[in-house]
Amino acid sequence: MVSIGQTCLDSKCREKILEDAAVSDSKSDFHLRFMGEDVLTQKAEEVGEVTPEIEKLADDMLSLMYEEEGCGLAAPQIGAPLRLVVIDCDYDPSSQTKKNPYVLINPEIVELSDETAKDSEGCLSFPGLSVEIERPVGVVVEAEDLEGNVLRYEVEGSLLARCLQHEIDHLNGVTMLDHLGPIARMKAISTVREKMQGDAAAGAANGAEGETATHSAERTEKSTEEK
Ligand code: NI
């Protein structure tokens, strides 16, 4: 178990996590990570004690998720390889509906339905990509919240059911690409590369950081599924 802010002497990996996730006043420590970055394909570590640093991480993730108009975000997506997910499948930025954020710590899928369905998904870490992915329609997830309560989510046939699976995939280093066949996967990689290169070029032309353009472009997660 890893607690950000606590000293872990037994593993370089854990030291790296602490280093990467070290609390800082600078929000630049946490920024969206994109296709090609190792943190997106690695299994994340369990969160130990909920420290103020973990609370701040969750808060930063929610802020970023709303800013990017996604409906979910996993900690590895901002460079913190920890089993922490934030989700809000109810909030609609276009009509500014009431926010309904969930923070899931160490979420585990304990049950999946036999019935599956295909639907399109997007991901803030894969700009410009929307792909059909087949997943179980129903899911039961257990997770802790920031107060240490164990919560059980039983969800069926909704955006939330898909979003939960997508986000928990991220904690296991699984991305949308891993759900695609080889040809679709190559095409998807190419689509994201082109989008990121286009955004970077547009950002450079505007004299701004390309990242800004990249970030503002994505809303796929919400419209389809998540993040
Ligand atoms: Ni995603």
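This is a predicted model: local features need pLDDT of at least 70, side-chain atom pairs count only at pLDDT 80 or more; totals for chains, interfaces and linings use all residues.
Leaving aside neighbours within four places in sequence, which residues is methionine 61 in contact with? They are Leu73, Ala75, Ile78 and Val86.

Met61 belongs to the largest nonpolar core, a set of 46 residues. Met61 is among the members that touch the most others. Ala75, Leu84, Val85, Val86, Ile87 and Leu164 share that standing. Helix H2 (52-67), helix H3 (159-171) and helix H4 (182-205) each supply at least two of its residues. So much for the helices; strands S1 (72-74), S2 (84-87), S3 (102-112), S5 (131-136) and S6 (138-144) also each give at least two.

Now follow helix H3. It has 13 residues. From first C-alpha to last it reaches 19 Å, close to the 18 Å expected at 1.5 Å a residue. The rest of the structure largely encloses H3, because 11 of its 13 residues are buried. Just after H3 comes glycine 173, with a positive phi of about 75 degrees.

Finally, turn to strand S6, the place of glutamate 142. Glutamate 142 is partly exposed, since 16 other C-beta atoms lie within 10 Å. Not counting residues up to four places away in sequence, glutamate 142 touches Glu108, Val110, Val150 and Arg152. Glutamate 111 sits 31 residues away from glutamate 142 along the chain, yet their C-alpha atoms are separated by 9.6 Å.

Methods
Residues are numbered from 1 along each chain as its sequence is written. A nonpolar core is a set of buried Ala, Val, Leu, Ile, Met, Phe, Trp, Tyr and Cys residues joined through C-beta atoms within 7 Å. A residue is buried if 20 or more other C-beta atoms lie within 10 Å of its own, exposed if 12 or fewer, and partly exposed in between; C-beta atoms are placed from the backbone. Helices (H or I, at least four residues) and strands (E, at least two) are DSSP runs, numbered from the N terminus. Two residues are in contact if their C-beta atoms, placed from the backbone, lie within 7 Å. The expected span of a helix is 1.5 Å times one less than its number of residues.
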